[in-house]
Amino acid sequence: DINTANNVWNIKVGKSEGFVPCWKNKSIAAALVGAFIVSFMLMIICIESQSHHDLLRDMLPPKALRKIKNYKTCVEKYEIATVFFSEIVGYTAMSAEMSAIQ
């Protein structure tokens, strides 16, 4: 028989200060670096999106910009002319391969 003062036994197996894996600090550093990279990429996406929006705002009238943002076609008809605002998908790549005369 083992008598204790308050009849409570505490049995622990392992180090008294607890288990700390050898890779703990490396995993914390990797998580911080990963979070920084993701944050930086998100910041770049936000900046590019804003610059794209600013460019469209400078080039198009407000009515046309609202319609294009909602994926609608914007056609304004006048007595003498018709003005058609559109975004041609692939135009930049196509025009880079063409000469000025084409």
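The following paragraphs lead through a predicted model, from its overall fold to individual side chains.

Residues are numbered from 1 along each chain as its sequence is written. Because the model is predicted, local features require pLDDT of at least 70 and side-chain atom pairs count only at pLDDT 80 or more, whereas totals for chains, interfaces and linings use all residues; side-chain values rest on heavy atoms, with hydrogens and water left out.

The protein contains three helices and two strands, these being DSSP runs numbered from the N terminus (helices: H or I, at least four residues; strands: E, at least two). Along the sequence the elements follow the pattern α-α-β-β-α. Confidence is expressed as pLDDT, the predictor's confidence in each residue on a scale from 0 to 100. The protein averages a pLDDT of 83, and 87% of the residues score at least 70. Among the elements, H1 has the highest mean pLDDT (94), while strand S2 (residues 82-85) has the lowest (74).

Solvent exposure comes next. Residues are classed as buried under 20% relative accessible area, exposed over 50% and partly exposed in between, using a 1.4 Å probe and protein chains only. The protein exposes about 9900 Å², of which carbon and sulfur atoms supply 62%. These areas come from the Shrake-Rupley method with a 1.4 Å probe, and for residues only the protein chains shown count as cover.

Helix H1 (residues 24-59) holds both Phe36 and Phe40, which are four residues apart, about one turn of the helix. The structure holds one aromatic pair. The ring centres of Phe36 and Phe40 are 6.4 Å apart and their planes lie at 20°, so this pair is stacked. The criterion applies to rings of Phe, Tyr and Trp (its six-membered ring) with centres within 6.5 Å: planes under 30 degrees apart count as stacked, over 60 as edge-to-face and the rest as tilted. Phe36 counts as exposed because its relative accessibility is 59%, whereas Phe40, at 41%, counts as partly exposed.

Both phenylalanines also belong to a nonpolar surface patch of about 780 Å², made by Val33, Phe36, Ile37, Phe40, Met41, Met43, Ile44 and Ile47. Patches are made of residues with over 30% relative accessible area and no salt bridge; like charges are joined within 9 Å, and nonpolar side chains (Val, Leu, Ile, Met, Phe, Trp, Tyr) within 5 Å. Val33 is likewise found in helix H1, and its relative accessible area of 48% makes Val33 partly exposed.

Charged contacts may be considered next. Side chains of opposite charge can pair when their charged atoms come close. A search of the whole structure finds one salt bridge, defined as a side-chain nitrogen of Lys or Arg within 4 Å of a carboxyl oxygen of Asp or Glu. The bridge joins the side chains of Asp54 and Arg57 at 3.1 Å, N to O. Asp54 and Arg57 are three residues apart in helix H1, so about one helical turn separates them. Asp54 is partly exposed at 23% relative accessibility, and Arg57 is partly exposed at 45%.

In helix H1 there is also Leu56, which is partly exposed with a relative accessible area of 23%. Leu56 and Ile68 are 12 residues apart in sequence, and their C-alpha atoms are 9.8 Å apart in space.

The whole structure has zero disulfides, a disulfide being a pair of cysteine sulfur atoms within 2.5 Å. Cys22 is exposed at 75% relative accessibility, and Cys46 is partly exposed at 48%.

The loop between helix H2 (62-69) and strand S1 (74-77) contains Tyr71. Most residues other than glycine have a negative phi. Phi of Tyr71, however, is positive, near 60°. With a relative accessibility of 79%, Tyr71 counts as exposed.
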